[in-house]
Amino acid sequence: MTVPLNRMVTAALALTLGTASAADLRIYPSFTEVREPVRAAGNTLTVTLPEAAWAGLIPGTLDLDGLTFSSAVQRQEANWLASLEGKTVYLKEDGTAEPVTLIRARDLLVRDAQGRYRTVRFEDLMFDAPPPLNPQSPSQTLTFTLPQPGAGTLTYLTRAVTWAPRYTLKAGTGGAQLSALADIRNMTDLPYEVKGTELYAGDVEVQGQPVPAPMALESRAMAGTASADFAAPKINSLGELRGLYRYALSTPFTLPANSTVTLPFLTPKLTQFERYAGLDTYFTPQNTGGTLSRFYRLKADERLPGGSLTVREEGRIAGQTTIPETAKGAEIEFTLGNDPDVRYTRTVQTVSSEKNAQGNVMKSTYKVTYVFENSKDRPVRAEVTERIGGRRILIDGVAKGQNPAAELRVDVPANGKVTRSFTLVVDNS
C-alpha cells in the first residue's frame, strides 16, 4: 500500500489498514492501476486520500473489487492547518516567536495577544508538532456503505505513475547489440511501497486528461547505484495478453515520491542488422537530387515494447529515434538524418505520352536514372524506394499491385559512382 495513503479512524470506520500493507501496481505507458487490499470489520469503510493522490486520479475509476457496497460518498475534508483553528501557533517576527491564535486557515488570519487581526504567510508560522507534507492541501474522503463485512481491494487509476522502455543500440565494426532499460516514474509527492508490480505495453486508452510532468528535478534511483540494502528486482516477461505485452517485477520495491526508478529490462538478440544510405520518396517527372539518409534495419528475437532508441556508433552518439510496438522477428527500420558523403542525382526522361480525345494524358512512359556518388573511403550500400501513384503501374515491364514502388539496391564503391535506371509506365486509361 502507499505509505502516504492516510487512514481516518472514526466511530464509523470498520477498516484498519496498517502502514505495513503494500499496494499492487499495474503500470501502463500513460496511467497506472493502484490496487490496495482492504478489510472491513463492520458495515462502513472510510478511506482518505491526500490531495496529491487525488490530483492524478482519473475521475470515475475508484472502485472496490471483491467487496460489494450499497453506496459510496466522496467529500473534501479540511486540511491539516484547519484543525489548528482557534489554537495557539507561533509567528516569527524580528527574530522572535510570538504566540498567536489561528483564526482562519483559509487565508491565514491570526489574532495576536493584543487582540488585533492580520493575515500572515505560512512560512512565518511555527508549530508545536511537525506539519505533514502539503499542510494547506485538502484531502478527499471516501465512505463506502457495505451490506456486510469482508475483504476486498480498493482500486483506482492514476495518471501520475507511468513507465517507458528506452533502448540503446551499440554498433561497431563487429556488429551490434541491443539492450533496454525500464523507467518507472512517480510524478507525485506520494511514495509507494509496492508489493507486486506488473508492466504493460501496448495501445490502451482510458478517459481523463494526462497529468503534466512536475517542474521539480526528478530523482533517479538506479538499480546499480542504489544503497547496499536495496534488492533490485528483475523484470520478467509474462507473455502476451490480448495484444498487450506483459511483464512483472520479481520482488517488492519502493517507488519514492517525485522519482524515476530505472531497472535493466531486455537484452534481445539481433537476428538481423544492416546499415545503409537510403531514400524514401514519391515519383515526380521533375529532375531531383540531394543526399541520402543514414538508415538502419534490424530484427530482434523477442517482442519489443515501443520506446525511445539511442544509437551509439563506436561508443559515440549517432542519433535518437523511437520504435513502435514490434512483434518478435518483425523488421524495424529508421533513419537518423542525412549522410552528406552519399549523394544522388535523379533524371527523368519522358519516353512516350498518350492522350485521349480531350487532350488529357492517359498513359506515360518514363525512364528514371539515378547516379549515386560516394565520397567515403569505404563502400556504402544505397537503397531507394520511389512510391508511385496511378491506376495501373508497370516497372521494367512488370505490373505492380497495391501501393506500387520502384526499388533500387546497389553497392557504391569507395570514392566511386554508380548509375542505375528503371522504366516506368503510368497507365490511367
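Student: What does R166 form a salt bridge with?
Tutor: In this predicted model, R166 forms a salt bridge with D183, and the closest N and O atoms of the two are 2.6 Å apart. The pair links distant parts of the chain, since R166 lies in strand β13 (residues 161-172) and D183 in strand β14 (residues 175-186), 17 residues apart.

Student: And is D183 buried or exposed?
Tutor: D183 is buried, because its relative accessible area is 3%, under the 20% that sets the limit for buried. R166, at 28% relative accessibility, counts as partly exposed.

Student: Okay, how many salt bridges does a search of the whole structure find?
Tutor: The search finds 25 salt bridges. Among them, E33 takes part in a bridge with R26, where the closest N and O atoms are 3.5 Å apart, and in another with R35, where that distance is 3.0 Å. E33 counts as buried at 16% relative accessibility, R35 is buried at 13%, and R26 counts as partly exposed at 29%.

Student: Which residues are linked in a network of salt bridges?
Tutor: E274, R297, E331, E333, R381, E383, E407, R409 and D411 are linked in such a network.

Student: Switching to strands, in what order do the five strands of the open sheet come?
Tutor: The order is β9-β8-β7-β6-β10, with antiparallel pairing. Strands β9 (117-119) and β10 (125-126) stand at the edges with a single partner strand each, so one side of each has no neighbour in the sheet.

Student: How many bridges join β6 and β7?
Tutor: Strand β6 (residues 88-93) and strand β7 (residues 96-104) pair over six bridges in the antiparallel sense, and K92 stands opposite A97 in β7.

How values were computed. Residues numbered from 1 in each chain as written. Predicted model: local features only at pLDDT ≥ 70, side-chain atom pairs only at ≥ 80, totals over all residues. Heavy atoms only, no water. Pairing = 2+ DSSP bridges. Helix = DSSP H or I, 4+ residues; strand = E, 2+ residues; numbered from the N terminus. Salt bridge = Lys/Arg side-chain N within 4 Å of Asp/Glu carboxyl O. Buried < 20%, exposed > 50% of the residue type's maximum accessible area, 1.4 Å probe, protein only.
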